[in-house]
Amino acid sequence: MMRKIKAWGLLLMTVTWLVSCQKDSYLFTSFHEPANEGLRYLYSEDGYHWQSISGIYLKPELGTQKIMRDPSIIRDKQGTYHLVWTIGWKGNEGIGYAHSKDLIHWEDQKIIPVMQHESSTVNVWAPELFYDDVENRFIIIWASTIPYRFAKGKEAEDNNHRMYYTTTKDFNTFTETKLFSDPGFSIIDAVIVKKAEQDYVLVLKDNTRPNRDLRVAFASNPLGPFEQISAPFSAYLTEGPSVVKIKDQWLIYFDSYGSKRYEAVATKDFKTFTTINDQIAVPVGHKHGTIVKASKKVIKNLRRHESKKK
């Protein structure tokens, strides 16, 4: 009898160990100011406590300014990671793009000229990737300013943003650029979240003066229209939301550049938000990207590569 108990105990420990090994970790794309070094990573086992993976994993080579801001990443069904980023503060140069199989070796670095048809475009900021599993396509959204095109608040005409989008299935051919969101005010740093079937949330920055805070809006389709814009859930001078689901809660991380720290809220319904700053740990210097699930094997490989570079 004792042998059977020991055997069952050993089996239980083995199963527990296997489950823990298979549990996903999380990867947070990052950059440091002044954004001229390139792609960095953070990783987390629980989605709350983050650690830096040292080193630069893709140096920006595109455009005249050669910077990398707002790196957004997504993994396709074949296991390839796709990355887009901001390549310049101003100038109609488009979006940076590259792809990788292992997050270490990146290929096909190129500019996607998403606003070349609008010669007066001031900027192309903070591109964000979203996979539309209903239509089997990738949606790219970003903020651009076209002066004197839209109603504005107190901000200058060269800072009056709206969100635009294009779609692709292979990152080689893209649909015609179209307006994604015009909520009646300057909007940047928007992120699409699929909450459930025909239930989508847009986490966005109201960039008008004097607001400059984060809000949410709702739609039944990832391309909107997103409506019922909420009151702000963040303080003044916040931006760069990144969203991840942990168990039954959604965590929204954001850059509180007014208080010079990283902050986060938790929500189950995107209507009630709870501040969780005392529950998170984010390395100093981290600037906003996106959060994706990553296997322990992927993280281990990155850390092994990190140790070789030291």
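Trainee: Are Phe 130 and Tyr 200 buried or exposed?

Mentor: This is a predicted model, where local features need pLDDT of at least 70, side-chain atom pairs count only at pLDDT 80 or more, and totals for chains, interfaces and linings use all residues. Numbering runs from 1 along each chain as its sequence is written, and side-chain values use heavy atoms, leaving out hydrogens and water. Buried means under 20% relative accessible area, exposed over 50% and partly exposed in between, with a 1.4 Å probe and protein chains only. By that rule, Phe 130 and Tyr 200 are both buried.

Trainee: How many aromatic pairs are there?

Mentor: Rings of Phe, Tyr and Trp (its six-membered ring) pair if their centres lie within 6.5 Å; planes under 30 degrees apart count as stacked, over 60 as edge-to-face and the rest as tilted. Counting that way gives 15 aromatic pairs.

Trainee: What kind of pair do Tyr 97 and Phe 171 make?

Mentor: Both residues, Tyr 97 and Phe 171, are buried. Their ring centres are 4.9 Å apart and their planes sit at 10°, so the pair is stacked.

Trainee: And what kind of pair do Phe 130 and Tyr 200 make?

Mentor: The centres of these two rings are 6.2 Å apart. The planes of Phe 130 and Tyr 200 meet at 75°, so this pair is edge-to-face.

Trainee: Which residues do ring pairs link into a cluster?

Mentor: Here the links run through several rings. The cluster's members are Phe 28, Trp 50, Tyr 253 and Tyr 262.
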